[in-house]
Amino acid sequence: MYLLDANAFMEASRLYYSFQIAPGFWQWLSDSFRAGTVASVTAVHDEIAVGDDELADWAKDSELRRFWLPDSAESISVMAELAVWANSPERIYKPSAISEFMGSADLRLIAQAKAVGATVVTRETSEPHSRRKIKIPDAAHSVDVSCLQPFAVYESRGLRLSQQDV
């Protein structure tokens, strides 16, 4: 299973797979969810559903309500593990970076991925020497969660958009 970060949705809708240009992409996401291969977390939903655009409308679709996985006992346990990791004296993160991470959808996304054995899909890249922001790939690595870039996942999962999809 793949769990998508907010940036996978936001960039797709705003930059290259708008709902008018590539409706097939959004259908593919919905179909992949129904097949049990793609999902995200409630905290990501909350980030994108506050907008007043087609992405927010898509996220609020009642048929997709189970697309957004809530925190579970297992994921909460992993969140505690990530908190210990982020606050470790070996880490060089500023207190503001730790605070931001602890309140983020990123924390919940990584924790849920670990809990269900999923891979995180994000545009973020590793920056292990960053002091100002905890990057998803670095935190995910600390709990043995894999991360992939969106287009790598789309290709490996067989996403194909044709003129008929436009």
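How far apart should the ends of helix 2 (residues 23–34) lie at 1.5 Å a residue, and what distance separates its end C-alpha atoms? The points below take up this question first and then turn to other parts of the structure, which is a predicted model.

1. Helix 2, span and end. The 12 residues of helix 2 should span 16 Å at 1.5 Å a residue, and the end C-alpha atoms are 17 Å apart, so the two values agree. Just after helix 2 comes Gly36, with a positive phi of about 80°.

2. Helix 2, buried residues. Gly24, Phe25, Trp26, Trp28, Leu29, Ser30, Ser32 and Phe33 are buried in helix 2. The packing partners of the buried residues of this helix are strand 1, helix 1 (6–16), strand 2, helix 4 (54–59) and helix 9.

3. Thr37 sits in the loop that lies between helix 2 and strand 2. Its relative accessible area is 17%, and Thr37 is therefore classed as buried, since the cut-off for buried is under 20%. With neighbours within four places in sequence left aside, the contacts of Thr37 are Met1, Tyr2, Ser32 and Arg157. Of these, Ser32 is also listed among the buried residues of helix 2.

4. Five strands form an open sheet in the order 3-2-1-4-5, and the pairing is parallel. Its edge strands are strand 3 and strand 5 (147–148), each of which pairs on one side only.

5. Strand 2 and its partners. Strand 2 (residues 38–41) is covered on both faces: Val38 and Ser40 are buried on one side, and Ala39 and Val41 are buried on the other. Strand 1 (residues 2–4) pairs with strand 2 in the parallel sense over two bridges, and Leu3 stands opposite Ala39. Strand 3 (residues 68–69) also runs parallel to strand 2 and is joined to it by two bridges; here Leu69 is the bridge partner of Val41.

6. The nonpolar core. The largest nonpolar core holds 55 residues, and Leu4, Phe9, Phe25, Trp26, Leu29, Trp58 and Leu82 have the most contacts inside it. Helix 7 supplies the largest share of this core, six residues. Phe9, apart from neighbours within four places in sequence, is in contact with Leu4, Trp26, Leu29, Ser40, Val44, Ile48, Leu55, Trp58, Phe67 and Trp68.

7. Helix 7. Helix 7 (residues 105–116) has 12 residues and reaches 16 Å from first C-alpha to last, close to the 16 Å expected at 1.5 Å a residue. Its buried residues are Ala105, Asp106, Leu107, Leu109, Ile110, Ala111, Gln112 and Ala113. The N-terminal end of helix 7 is capped by Ser104, which has a side-chain oxygen 3.2 Å from the backbone nitrogen of Asp106. Gly117 follows helix 7 and has a positive phi, near 70°.

8. Aromatic pairs. There are 20 aromatic pairs in the structure. One of them joins Phe151 and Tyr154 in an edge-to-face arrangement, with 5.7 Å from centre to centre and 80° between the planes. Both residues belong to helix 9 (residues 150–156), where Phe151 and Tyr154 are three residues apart, about one turn of the helix.

9. Pro137. Pro137 is placed in helix 8 (residues 136–142). This proline counts as buried because its relative accessibility is 17%, and the cut-off is under 20%. Residues up to four places away in sequence not being counted, Pro137 touches Glu124, Thr125, Ser126 and Cys147. Pro137 and Glu47 are 90 residues apart in sequence, and their C-alpha atoms are 19 Å apart in space.

Note on methods: Residues numbered from 1 in each chain as written. Heavy atoms only, no water. Helix = DSSP H or I, 4+ residues; strand = E, 2+ residues; numbered from the N terminus. Expected span 1.5 Å × (residues − 1). Buried < 20%, exposed > 50% of the residue type's maximum accessible area, 1.4 Å probe, protein only. Polar contact = N/O pair within 3.5 Å; in protein donor to acceptor, adjacent residues only side chain to side chain. Phe/Tyr/Trp six-rings, centres within 6.5 Å; stacked < 30°, edge-to-face > 60°. Contact = heavy atoms within 4.5 Å. Pairing = 2+ DSSP bridges. Core = buried A, V, L, I, M, F, W, Y, C linked by side-chain atoms within 4.5 Å.
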